[in-house]
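Subject: Structure for your review

Dear colleague,

Please find below the structure I said I would hand over. My findings follow it.

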Amino acid sequence: MSLLAILVKSCYNYCMKSPRTTIKKHQKQLIFGLFLLLCGLGIWWYLYPRGDTLVISSSDSSTEKKIYRLIDGIEAQTTTSTLVGVIIDNSPESWPQFGITDAQMVYEVPVEGGRTRLVAVFDLASLNDATKIGPVRSVRDVFLDISRELYFTPVHVGGSPGALARVDAGEIKTLNQFFRDPYFYRTKEGGRYAPHNVLTTGALLKKAAEKYNFKIADISSWQFEDGKSKGGATMTPKIDFGEIKVTWKYDPATNNYTRFVNGKEFKDASGASVTAKNMIDMKTNMRIIDEKLRRDVRMMGRGKAVVYKNGETIVATWKRSILGERTTFYDENAKELSFVRGITWVEVTQKD
């Protein structure tokens with residue numbers, strides 16, 4: 001109850017209980033009560049919000065509570081995201097690829113032989129309708145394991161027997177071109193040919209998400225920071241996958257790592273350089289599991305990692321206890337690492 005209401009009620013009760021014949025007797029008390037009432041009115045007039053009350057401008061960022069995307073720490077309208085993870089061909093026949101510079105996060109994982117495949121993760125709310133993405137290729141178990149921690153819908157063309165068995169068993173819903181062909185198309189752009197020519201677009205993925213009710217990403221956020229170059233000597237990460245040799249060169253002026261493949265700067269189909277704010281070399285166990293040389297890649301438990309950000313090189317440990325948990329990285333003092341806001345590339349590499 002407000003102070004004003006208490007004062008009014010008290011005065012009313014006092015007067016009702018006092019006989020009218022004795023009001024004169026209590027004149028001083030009544031005057032004092034009236035004084036308190038007037039004080040209460042004054043306080044109410046001063047504190048009660050009115051049309052001319054000072055309102056702090058919404059443009060004053062110091063009074064706003066900023067909202068950041070959970071996937072990459074970039075400021076957004078909401079933390080709620082619908083994520084898709086497009087499995088992208090990374091064989092030389094597929095270069096240059098479409099859309100990877102628009103992703104919020106990219107994983108590169110060895111597949112058969114000395115080649116790798118990418119899973120590019122997109123927040124549909126920030127994905128431009130006209131953005132082309134691909135070439136889209138088949139899914140593997142490791143990509144389903146990654147999707148379980150980031151809660152994205154995998155987008156693919158077929159897959160390995162093990163991965164498709166998990167999908168058929170209902171473990172995870174995907175967008176498979178074999179059964180959802182209207183959301184994909186083939187192109188001859190740049191002399192492309194099958195199986196390196198299946199693309200999708202931002203608009204097609206949004207239509208599929210609406211029709212098939214893609215789930216909302218229920219992920220825990222990493223810790224993020226506003227990036228700033230630390231200066232001094234920096235390392236140039238080099239990763240040898242066999243046929244594909246990757247180098248990331250750091251530019252302190254932009255605080256970006258730029259991707260080079262086999263000695264050449266790597267660009268997407270738009271001509272944009274492929275860059276990252278964070279690069280993680282995540283080391284784990286791998287083993288060949290069939291005559292096609294497919295790999296089983298361990299994505300749970302713990303292992304060693306090297307994290308590159310702000311020009312720093314940080315020896316780290318990664319941990320993930322269950323499929324539905326986001327992999328977390330810790331420094332040598334067991335303190336959780338923060339990452340620079342923006343795109344992160346995770347290079348999944350063979351331990352030792």
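What covers the buried residues of H4? In this model, which is predicted, helix H3 (141–150) is included in that cover. The buried residues of H4, a helix of residues 161–168, are Ala163, Arg166 and Val167. Because they cover an arc of only 100° around the axis, they are on the same side of H4. Pro161 and Asp168, on the other side of H4, are exposed. Just after H4 comes Gly170, with a positive phi of about 85°.

I then turned to the nonpolar cores. The largest has 39 residues, and Val86, Phe122, Leu175, Leu205, Trp248 and Trp345 are those with the most contacts inside it. At least two residues of this core are supplied by each of strand S1 (83–89), strand S3 (116–123), helix H5 (202–212), strand S11 (245–251), strand S12 (256–261) and strand S18 (301–309). Another core, of 37 residues, lies apart from it and has Ile146, Trp222, Phe224 and Leu337 among its residues. As for Trp248, leaving aside residues up to four places away in sequence, the residues it touches include Tyr257, Arg259, Val274, Met279, Trp345 and Glu347.

Two charged residues may also be of interest to you.

Arg326 is located in the loop between strand S19 (312–320) and S20. Arg326 is buried but has no salt bridge. The nearest side chain of opposite charge is that of Glu149, 4.9 Å away, whereas a salt bridge requires a side-chain nitrogen and a carboxyl oxygen within 4 Å. A polar atom of the Arg326 side chain does lie 3.2 Å from the backbone oxygen of Ile71. Not counting residues up to four places away in sequence, Arg326 touches residues including Leu70, Ile71, Met105, Glu149, Trp222 and Lys319.

Asp331 belongs to the loop between strand S20 (328–330) and strand S21 (338–340). Its relative accessibility is 18%, and buried means under 20%, so Asp331 counts as buried. Beyond residues up to four places away in sequence, Asp331 touches Ile314, Val315 and Leu337. Asp331 also lies 6.5 Å from Thr317, C-alpha to C-alpha, although the two are 14 residues apart in sequence.

With kind regards

Definitions and conventions: Residues are numbered from 1 along each chain as its sequence is written. This is a predicted model: local features need pLDDT of at least 70, side-chain atom pairs count only at pLDDT 80 or more; totals for chains, interfaces and linings use all residues. Side-chain values use heavy atoms; hydrogens and water are left out. Helices (H or I, at least four residues) and strands (E, at least two) are DSSP runs, numbered from the N terminus. Buried means under 20% relative accessible area, exposed over 50%, partly exposed in between (1.4 Å probe, protein chains only). Contact means heavy atoms within 4.5 Å. Lys and Arg count as positive and Asp and Glu as negative; His and the chain ends are not counted. A polar contact is a pair of N or O atoms within 3.5 Å; within protein, one must be able to donate a hydrogen and the other to accept it, and residues adjacent in sequence count only if both atoms are side-chain atoms. The arc is that of the directions from the helix axis to the C-beta atoms. A nonpolar core is a set of buried Ala, Val, Leu, Ile, Met, Phe, Trp, Tyr and Cys residues joined through side-chain atoms within 4.5 Å.
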